[in-house]
Amino acid sequence: MTVNNQMQIVNVDFVKQANGALVYRLIDQHGPISRIQVSEMSGLAAASVTKITRNLLRFGLIKEVAQQESTGGRRAISIVAEREKFANLLIRLGRTTVTIAVMDLTTHILFKQKYQLKTDQSLEGLERYLITLIRQTLSSLQRPDLHIIACGITVPGFVDQDNNTIRYMPQFNLEKPWKLAEKIRQQVNIPVFIGHDVRALALAEFYFGKTRDTSDSILLRIHRGVAAGIIFNKTVLSGSKSNLGEIGHTQVDPLGKRCKCGNFGCLETIVSNQAIEDSVRQLLQQGHQSEWVSLQQFDLAAICHGVNQGDPLLVELFQKLGRHIGQVLAVCSNLLNPEKIILSGEITQAQKVLFPAIERTLRATALPHFVENTMLEASELAHDDVIGAFALIKRALWNGELLIQLLDESVD
């Protein structure tokens, strides 16, 4: 076969994938919709739309519903995406726990369970444990009409999206890329998509949350660590080295605590959940008084409650945290000029004190024109531990990567 013929085949396959993805996405977003409307919105010929929808109907990803009102001539039949008969296996693999869930295409949770991981578990042992949990989960589903179409996995490490492998995990010294997705696919025989947890969460916010109406946004996730997911021109940025967005390791206090990265005074050493709890404990040990927390109870939920009740000690602490967060977000805003900044994590429970402090610093230190219309909001995504894994699958449906595999499967 000549090079030109090979290129022609590749181009045909690419066009097939792109057109199929476009039609499905329009139906998913705008259904009930007629084939004529899909043709008009997509710019594809009516015959092409008919052929694509025929394949989608054959697999069951779309279905016909009531006919539309006639505007003259034959009434058009509407089509919608079928969401309740298809589901996905979702895995959030953390440092100490793993959460496994099954979610249908309406984002309704059918199963969800968190499991503890052994601290001394080997990589091979973890693989075996995950496979066992996956098999138990799938066998527990009593829905013969339910079709599991894909698996999504998110991790707090560096992911090579091109090769669908994990390059770094905090609890393991990986000598070579971890082919976890490939191992799981071999065991359960469904496509597997893997991604960085915070970038996947930013994608979920773009699909289902508060950045749906924007092109450029930043999601700052504050939990055990601090990281950002960046949407630029409606695309998640990942970078060629797969480690973009680690703004938690931006230095904000040169005389601060030593960070796990080796530097001193990183943002993560000040505003992560553990760092906040450590700060409150130290203040109490020094003799500072608080009505709402004590040395017996100073978890983040109690701290945020005290902030909301106006506790002077805790309010002052959160105003300081807000200034540090605003300082880093100002740099990000000067670089990326986002339309929205979304904060995610338990710290947002105290947003009525925290957010004004962030905004004051942001507007005082960033370019005024870049932040004058930038909105700062708290994430309200449900199931934020696994919704990012679902977003990876949603993207694969909408860009055709998963869709073409499913349609090829239906032909086989």
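1. Contacts and secondary structure. Of the contacts in the chain with a separation of 6 or more, 61% are between residues 24 or more positions apart. The coordinates are those of a predicted model. The chain holds 14 helices and 15 strands.

2. Overall dimensions. The radius of gyration of the chain is 24 Å, which agrees with the value near 22 Å that a compact globule of 412 residues would have. The C-alpha trace spans about 80 × 50 × 45 Å along its principal axes.

3. Burial and surface. Of the 412 residues in the chain, 50% are buried.

4. Rolling a probe the size of a water molecule over the atoms shows where empty space is left. For this model the count is three cavities of 30 Å³ or more. The largest cavity holds about 60 Å³ of space.

5. Lining of the largest cavity. Which residues line the largest cavity? The lining consists of Gln161, Gly195, His196, Arg199, Ala200, Leu203, Val236, Ser238, Leu392 and Arg395. At least two lining residues come from each of β10 (192-196), α6 (197-208) and α13 (387-398). The element that gives the most is α6, with three residues. By residue class, the lining of the largest cavity has four nonpolar, four polar and two charged residues. Arg199 and Arg395 are counted as charged because Arg belongs to that class.

6. Backbone exceptions. Most residues other than glycine have a negative phi, and most peptide bonds are trans.

7. Pro32. The peptide bond running from Gly31 to Pro32 is cis, its omega being near 0°. Pro32 sits in the loop between α1 (3-30) and β1 (33-34).

8. Asn189. This residue is not a glycine, yet Asn189 has a positive phi of about 60°. Asn189 belongs to the loop between α5 (180-188) and β10. Is Asn189 buried or exposed? Its relative accessibility is 65%, and because the cut-off for exposed is over 50%, Asn189 counts as exposed.

9. Asn337. A positive phi is also found at Asn337, here of about 50°, although Asn337 is not a glycine. The loop that holds Asn337 runs between α10 (312-336) and β14 (340-344). With a relative accessibility of 33%, Asn337 counts as partly exposed, because this value falls between the limits of 20% and 50%.

10. His288. The loop between α8 (273-285) and α9 (300-308) contains His288. The relative accessible area of His288 is 37%, so His288 is partly exposed. Which residues does His288 contact, leaving aside its neighbours within four places in sequence? Those contacts are with Leu283 and Leu313. Ala227 is 61 residues from His288 in sequence, and the C-alpha to C-alpha distance between Ala227 and His288 is 31 Å.

11. Points to check on the model. For the backbone, the items are the cis bond from Gly31 to Pro32 and the positive phi values of Asn189 and Asn337.

Notes. Residues are numbered from 1 along each chain as its sequence is written. This is a predicted model: local features need pLDDT of at least 70, side-chain atom pairs count only at pLDDT 80 or more; totals for chains, interfaces and linings use all residues. Side-chain values use heavy atoms; hydrogens and water are left out. On a 1 Å grid over the protein atoms alone, a cavity is a set of points where a 1.4 Å probe fits but cannot get out, and a pocket is an open set with protein on both sides within 12 Å along at least five of seven lines; lining residues have an atom within 4 Å of a point. Grid points are joined across faces, edges and corners, and a volume is the space filled by probe spheres set on the points. Helices (H or I, at least four residues) and strands (E, at least two) are DSSP runs, numbered from the N terminus. Buried means under 20% relative accessible area, exposed over 50%, partly exposed in between (1.4 Å probe, protein chains only). Contact means heavy atoms within 4.5 Å. The radius of gyration is taken over C-alpha atoms; the globule rule is 2.2 Å times the number of residues to the power 0.38.
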